[in-house]
Amino acid sequence: MAEVQTYEHDVLVIGAGGAGLRAAIEASAAGVSVGLVCKSLLGKAHTVMAEGGVAAALANVDDRDSWKVHFADTMRGGQYVNNWRMAELHAKEAPERVRELEKWGAVFDRTKDGKILQRNFGGHRYPRLAHVGDRTGLEIIRTLQDHGIHQGIQVYMEVAIIRLLKDGDRVTGAFGYYREKGRFVLFKAKAIVLATGGIGKAYSITSNSWEYTGDGHTLAYDAGADLLDMEFVQFHPTGMIWPPSVRGILVTEGVRGEGGVLRNKEGKRFMFDDIPDNYKQQTADNEEEGWRYCQGDKNARRPPELLTRDHVARCINREVKAGRGSPHGGVYLDISWIKQRVPNGEEHIKRKLPSMYHQFKELGDIDITKEPMEVGPTTHYMMGGAKVDGDTQMTRVPGLFAAGECAAGLHGANRLGGNSLSDLLVFGQRAGQFAAKFAKENKAGAVNGDQVDAVARWALEPFERTSGTEGPYMVQKDLQEMMQANVGIVRKEDEMQKAVGEIAKLWERANKVRVDGNREYNPGWHTAMDLHSLLTVSEAVARAGIERKESRGAQFRDDYPEKDAKFGKLNIIIRKGPDGKMQVIQEPLKELPAELKQIIDEMQK
Amino acid sequence: MAQATFKIWRGDASGGGYKEYKTEITEGMVVLDAVHNIQATQANDMACRWNCKAGKCGSCSAEINGKPRLMCMTRMNTLPVEEPITVEPIHTFPVIKDLVTDVSWNYEVKKKIPKLKPRAPDAPDGTWRMSQEDVDRPQELRKCIECYLCQDVCHVLRDHNLKDKFAGPRFMIYAAQLEMNPIDSDSRTTFMKEQMGIGYCNITKCCTEVCPEHIKITDNGIIPMKERVVDDHYDPVLWLWRKLTGK
């Protein structure tokens, strides 16, 4: 094996957003040595973008809330293909995970009696999202970061991991490079936690940053772990759409929670037109009741703007396709109207939604206290990811754990807003705990020098190619546009089949791209390597989407527009076959225990 | 469609210079879009940091026409495009490559500041009660996205390079928000005076001017922190009291 800088830890955490930081904090608290790898600088991960809040049944605002209601809401939002054990643990443990943040320095907004304030959000029956204005994600990542730096965690900033290394079945290390100097680096570890976030960069319109290239999904897949629910990509209903340069940037659901309404170009609140049967009982059928709900009236039902994200996104899509959209191909989201209802409305909006005010003012020249915003769906979140054990977060590869967005199960077919910050806290903590336990119970495995050499050779190939002239950016762009067009918000068999074919061609192009310059901080080179993970996850999404011949949650199929009970009983698994080809497997859901089934039945009344 | 000329600093620790690029400008574009266009089409290996592209992560700090700004929040229509637009790395920290600088010093400084030390919880379930009025102040300072533009523009760090004596505005307000946290039971005044050099700040407010989050760094962070230091160290009545009681 060539000489490579090598570090050794009991637990290596890959990814330093909320899930990775929480895992690292927990593992180091258990007394093992922890390395934390981040692709960017510490504290810059995508968690900062989470706006609305963190869902936890604290029952500070409405004492009818409890873990049982949160559990039932999560299962219903996920259309019952969730991993019920994760949904149960998540609902039970989220309140404690939120409370402990306060001990570490988080400063949440307060109720009148001085407790943590909670707000309404789509799909949550009661006000449940603890928040700090509309910058909750920043508060959480900063709190974890500022606590974590005193825990003795070794942080490796601007390091990207390209492959996991194995000794037999077990994972034993990770190989990557320093973005700054381009030097390779090898981590030996007894246990590895993947916490790399999502895959949004596989699409052209996304709220996600450059980092979201599906690294963890692909590392897990290449190492032999199963991927679960890859067909379920969440399109957030409200992204900015104008000007072009900001297309896709998120507009928080909090706008609707505070009373913002969606209208088409005719001024009609179109969300009242299509309320799904299973939500009818809890949804307002007139504007007045919807407004009272946003004002905290416990007897009022939620406005239809706060239905689940998959549904709202499709309704917007429908309005635009029917020619009732706004000038730039979206619909209007209006919060300024509430000035008629609340005293000092302008100040109220600015105080409740400071970053939204700021974002539209500075990027769009729009004052949201005076005029409506133009919004449309944007690729936002990946429900699918590494399949893990609900209690320990370990994948089927011994020693390999996953948490947060790159793991799957909690959200099923559709994630509720606010459930991702709580997901990364609850399962980050669990992954850290069980990874530390695994590290204590197992000796270090061996690292195979041939594996390392092979990956290093692969990584440097783009510099050595002399024949091709194409750079990596064109391939990335073509992939994003192809995925947007063929595996987007409304899907069809033939389009997804076409996508699989296109991906094969893009693989060929990716294997020939050439990069200029040297290895020091070279984004072209980094993009060339990222293509491997982008193409892997794109193929997984398309193949899983083809396999699920029904519409459920985030997957909407034009050719199968209804739910199919048969598919409601199974998950789609993506696995790397012995021949290196992608396998698609239907796996029956585990049976729901009677006591959890009873909770769901009671809540449906 | 309009075209703009960019003069972007290219180079590394050993030196470098401005290189000219022309690119198309479309409606609503920000400087980061232009840099990305240039990167994708003309200079694949040009280094720049960015993440969220929405002014929330604080990664894309640079000096645009000489002013410290976030590239993602600087709209092209606010710049005079008839002249070349210069983009260079922030000056106060060492260059790694092109627009990327080594800001690791900031991470080292933060580690030294004593973390929150919560008092005993107010309620049996381990929680605290705080009023919104009391958390408004630390919340303003906690809006910080750690872009380090305030550090970049602070003359104590930029012109005098007193990084060994003064922690800079970012860490003045970091300490201030800890002090203002209603549940904190520690005092960092002696530490801020002796280790972090709070006395070096002479309130020129340059930091406040460049803050993309519009935090009133000086008025609402540094000055209250200075007042606490003064109360604890320079109050004559307290001084006499301590002298007499030995406390």
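The model is a predicted one, so local features need pLDDT of at least 70 and side-chain atom pairs count only at pLDDT 80 or more, while totals for chains, interfaces and linings use all residues. Residues are numbered from 1 along each chain as its sequence is written, with chains lettered from A and ligands numbered from 1 in the order in which they are written.

To start with the interface, 50 residues of chain A are in contact with 46 residues of chain B (contact means that C-beta atoms, placed from the backbone, lie within 7 Å). On the chain A side, the elements giving two or more residues are α3 (84-103), α4 (136-148), α11 (354-364) and α16 (523-547); helices (H or I, at least four residues) and strands (E, at least two) are DSSP runs, numbered from the N terminus. Of these, α4(A) gives the most, with five residues. Sorted by class, this side of chain A has 19 nonpolar, 14 polar and 17 charged residues (Ala, Val, Leu, Ile, Met, Phe, Trp, Tyr, Cys and Pro count as nonpolar, Asp, Glu, Lys and Arg as charged, and the others, Gly among them, as polar).

Within chain A, four strands form an open sheet in the order β11-β14-β13-β12, with antiparallel pairing (two strands pair if DSSP finds at least two bridges between them). Strands β11 (233-240) and β12 (261-263) of chain A sit at the edges with a single partner strand each, so one side of each is left without a neighbour in the sheet. From one strand to the next, the twist averages 45°. β12(A) is joined to the antiparallel β13 (331-334) of chain A by three bridges, and Leu262(A) stands opposite Leu333(A). Helix α9 (309-321) of chain A lies across β11, β13 and β14 (373-382), at about 60° to β11(A); axes are lines fitted to C-alpha atoms, for helices over the stretch in contact, and angles run from 0 to 180 degrees between N-to-C directions.

Over in chain B, β3 (61-64) and β4 (67-70) pair antiparallel over four bridges, with Ile64(B) opposite Lys67(B). Their hairpin has two residues between the strands, and Asn65(B) takes a positive phi near 45° there. β3(B) also pairs antiparallel with β5 (85-88) of chain B, over two bridges; here Glu63(B) has Glu88(B) as its bridge partner.

Chain B is divided into domain 1 (2-101) and domain 2 (104-240), with bounds from an automatic or database domain assignment. Their centres, taken over C-alpha atoms, are 31 Å apart. The contact takes 12 residues from domain 1 of chain B and 13 from domain 2.

Note on methods
Two residues are in contact if their C-beta atoms, placed from the backbone, lie within 7 Å.
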